[in-house]
There are 2 protein chains.
Amino acid sequence: MVPVKYPGVSAGSLHRLLWNQAMIAHRRYVSFTPASQLTINDLNESTLEAKYAVRGKIPIRADELRSQIESDPENHGLPYDRIISANIGNPQQLDQKPLSWYRQVLSLMQYPNLISKIDGLDSEVKDKLYPPDVVERAKKLLKSTGSVGAYSGSQGDATVRKSVAKFISERDGYPAKPEDIFLTGGASAAVLYLIQVLSAGKDTGFLIPIPQYPLYTASIALNNAVPIGYYLDEDNHWSTDPEQIRSLIKENKDKGVNPKALVVINPGNPTGAILSEEDIAAIIDIAAEHGLVLIADEVYQENVFEGKFVSMKQVYAKMLAEKPEIYKNVQLASLHSTSKGVSGECGQRGGYMELVGFSKEVRDIIFKLASINLCPVVSGQALVELMINPPKEGDASYQLYHHETSSIHHDLMKRSTLLYEAFCKMTDLKCNKPQGAMYLFPSLLFTKEKYPTLFEKADELNLTADEFYCTELLENTGICCVPGNGFGQVPGTYHLRTTFLPPGTAWIDQWAKFHDKFIAEYKQ
Amino acid sequence: MVPVKYPGVSAGSLHRLLWNQAMIAHRRYVSFTPASQLTINDLNESTLEAKYAVRGKIPIRADELRSQIESDPENHGLPYDRIISANIGNPQQLDQKPLSWYRQVLSLMQYPNLISKIDGLDSEVKDKLYPPDVVERAKKLLKSTGSVGAYSGSQGDATVRKSVAKFISERDGYPAKPEDIFLTGGASAAVLYLIQVLSAGKDTGFLIPIPQYPLYTASIALNNAVPIGYYLDEDNHWSTDPEQIRSLIKENKDKGVNPKALVVINPGNPTGAILSEEDIAAIIDIAAEHGLVLIADEVYQENVFEGKFVSMKQVYAKMLAEKPEIYKNVQLASLHSTSKGVSGECGQRGGYMELVGFSKEVRDIIFKLASINLCPVVSGQALVELMINPPKEGDASYQLYHHETSSIHHDLMKRSTLLYEAFCKMTDLKCNKPQGAMYLFPSLLFTKEKYPTLFEKADELNLTADEFYCTELLENTGICCVPGNGFGQVPGTYHLRTTFLPPGTAWIDQWAKFHDKFIAEYKQ
């Protein structure tokens, strides 16, 4: 088949050679009118509509200002020298140190050869580098999960899932099963899977709290479904009103929207409120009656300053045990994450969801979605295990762990109080006392009557009053927070969300000064 | 406002207390008919339709068999003692060791305190634990990216993106810009963003090679778009036929489907073939003429055994320089990953995409999608930097790095040859010589005439002939690979995809024995 005149050239290569020569000739003479570049009108409409305020316009402007400062630190022309990122709960970007326990185990998992290398050292040197329980845990995890460089099962490593089930059982006093646990890349990945699977068309509704965490409206928009906002009661510590939810369900069903799931964020983001057991029970009743999937976003369960966190799974299990015939069809997805709490390991993308009450068929579809994403990052899966299964009293690492976690907890509490107290002193700004999470969501008491020029100026700039306030705050002080309209608010009210994570009190003082000046300028 | 008879109780708490008591009373008498559990008919139809064979039916069955073995290692009743996972390119799940260079730097990034701890050690002890260039790189990365526990920018860390741009410039001889680089969680995340953004409705078409990597059909299905398969020419080393692609475009436009993008996998998955520069140029011509976004999946660019990898970006840049008026609107997304090559760090979820030729508006939408996912795992971002910027000659780590990478490369080449040679000896199985990637995709030459009972039996089990072969292979030998129908194949042909990664030759011998027996049983 190979002509003799091409000795040593295989048939395949020869074909390619000839064909390629033909192509070159062809291309020399080819002439066509080139097509134009894509515009956004060529794109998926739902991706245009999705909004994500936490990393939206104001944070993007903050990044520009940060670049301006960095590009010429001496002569940047701004009245401040740094940007205060209060727009996102990102503790380690600020000054929170990671917990030694986590990082020690993860470093050995990344470099398992180090285990045998330090084994050869004097025990004094060795213990200074790694306490013995760290080495033990790393060995154990490496044995069960294998290399952090290998894909795990798409649902996550089996050993870690067992640990998570045990953690939930002990937290709640009701059993949890490893097969119900999905390890995920932070809680965001879990939310995206759930909303995607449950969105069965333009008539699918999702009940979400208002104010909400904008991941919910963004993923609902991406899936062409309908957000149904139920208002939290600001005057009443952002509590939930079951009657309002029932009316919304009826109202939406009447107009052809089919509510499919109900989202609860507890402790609240951005509200900082904690739900009572009875509030949770009332919500479970609604889910049972209307066949709504419950999505319990409980990533701030360790961030509690006042009151007590009760998981939705616990209340659900209690009600199921009491009246199985009523609650047996309730479907609950609860989410947790390594990004918040005292861990603050946002960049490591660890998290889990527990799915209870779902049929096998439905769970299989969720599993398939997870498969398409291959697997959550394996070091993040290990981190989940370290978070829920920390050193115990008597372990070599216990004291340091205990010291570090209590001091972070104490520090977060102190920061929330400091900012809250500063807000209490500000004119025409009202704030609920924080109970948990990492945010304050104060109300800006702006009305057209009291602040006519503010509204005029905002209108001119095509901004809402809260956007205008946050923009001015950023431009004048370098403090970046997010206007309330990104989270949702009662029409005619204005809020902002800020974390209380930035260190020190200087930024709070600057904010207070800015606020006084702002009020003086715009209040009639 | 607080009645005197509840001293010490705030108005808010009191309201909650009373309301909660009311709720308890309410719940005691509440009666409703509980709604039923969700079925798959309540779910998003596109999530039901998406298929992902690489982790589909046969791999799920393999997991069951693995559990059966593990649950009773002595008495599991199977004719083998382990499952050979040849269904997925997951080198470190098998026996490939991670590169020391990567893991040493990442371990210090996980535990930065270790840097100062080892600084206090004797230099002899210290150098045994960490070569000095490892410590330097870790310090440099920690300085620029900050803690691996903090969220990075959604597009990925700026310093790493600068490194990627430099790597591409040096690889191709044409400039690349950091602002065009998006760091992603493996290449899969990039594919999912691109397909999602470009899917503008049921008339959007994506040209994909057949056979393809099933992530493409899965994500096209998830976005309700239309896959348009162009067949690679098996008889011609799986080469690409531009004329076929042009006809498909015309044919689809005529029936109202609008081709939006063209996917190229080079080196090929599952084919193992490498595209010539001229093949690539012909594809770019098509993209320029028809306004198709080019998606160049180049994750196997380091896995080349025969021939030479030329990046699509290089050919594009060359053509753009020659005839800017023709090529200025071509839009190219090229993808790379830390999961393949000699890195094999699948579980670490590192990767990047370079977007060239896109308008700012379109890029902003892709950025927004990345924002909704917050950020790719930060340790994975650091790993990208370590992959593209390894130790240089003269650096303390160079020798070990060079030794480890060459031995992995050599080993992969050897394994591919061994399996290929074994396939060449098998009856009615035909395989192209592998040029790159991690897979072989042999053809099973089964016809109803030659193998009537095989087709009868497969039909009875509601399986295709390739599914039947792979099922039998798994059940009889524990070797798990994936039938060709998961990747697409010319109707009436049957294939399977297998990695050549499993260690040793015993599994290959078992396969050969199984194959002989299978042929003997079914061939007429």
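**Salt bridges in the predicted model**

Across all chains, a search of the whole structure identifies 42 salt bridges, and the model in which they are found is a predicted one. Several of these pairs are described below with their positions and accessibilities.

In chain A, D95(A) is paired with R415(A) in a salt bridge whose closest N and O atoms are 3.2 Å apart. This pair links distant parts of the chain, since D95(A) lies in the loop between β1 (84–85) and α4 (100–110) while R415(A) belongs to helix α17 (residues 398–425), 320 residues apart. D95(A) is partly exposed, its relative accessible area being 35%, whereas R415(A), at 13% relative accessibility, counts as buried because this value is under 20%.

A salt bridge is also formed by the side chains of D235(A) and K430(A), with an N to O distance of 3.5 Å. D235(A) is located in the loop between β4 (226–231) and α11 (242–254) of chain A and K430(A) in strand β9 (residues 429–430), so that parts 195 residues apart in sequence are tied together by the pair. Here D235(A) counts as exposed, at 64% relative accessibility, and K430(A) is partly exposed, with a relative accessible area of 43%.

In chain B, the side chains of E475(B) and R61(B) meet in a salt bridge at 2.6 Å, N to O. Because E475(B) lies in helix α19 (residues 465–477) and R61(B) in helix α3 (residues 57–71), the pair ties together parts of chain B that are 414 residues apart in sequence. E475(B) is partly exposed at 25% relative accessible area, and R61(B) is likewise partly exposed, at 29%. In chain A, a network of salt bridges links R61(A), E64(A) and E475(A).

Terms used
Residues are numbered from 1 along each chain as its sequence is written. Chains are lettered from A and ligands numbered from 1 in the order in which they are written. This is a predicted model: local features need pLDDT of at least 70, side-chain atom pairs count only at pLDDT 80 or more; totals for chains, interfaces and linings use all residues. Side-chain values use heavy atoms; hydrogens and water are left out. A salt bridge is a side-chain nitrogen of Lys or Arg within 4 Å of a carboxyl oxygen of Asp or Glu. Helices (H or I, at least four residues) and strands (E, at least two) are DSSP runs, numbered from the N terminus. Buried means under 20% relative accessible area, exposed over 50%, partly exposed in between (1.4 Å probe, protein chains only).
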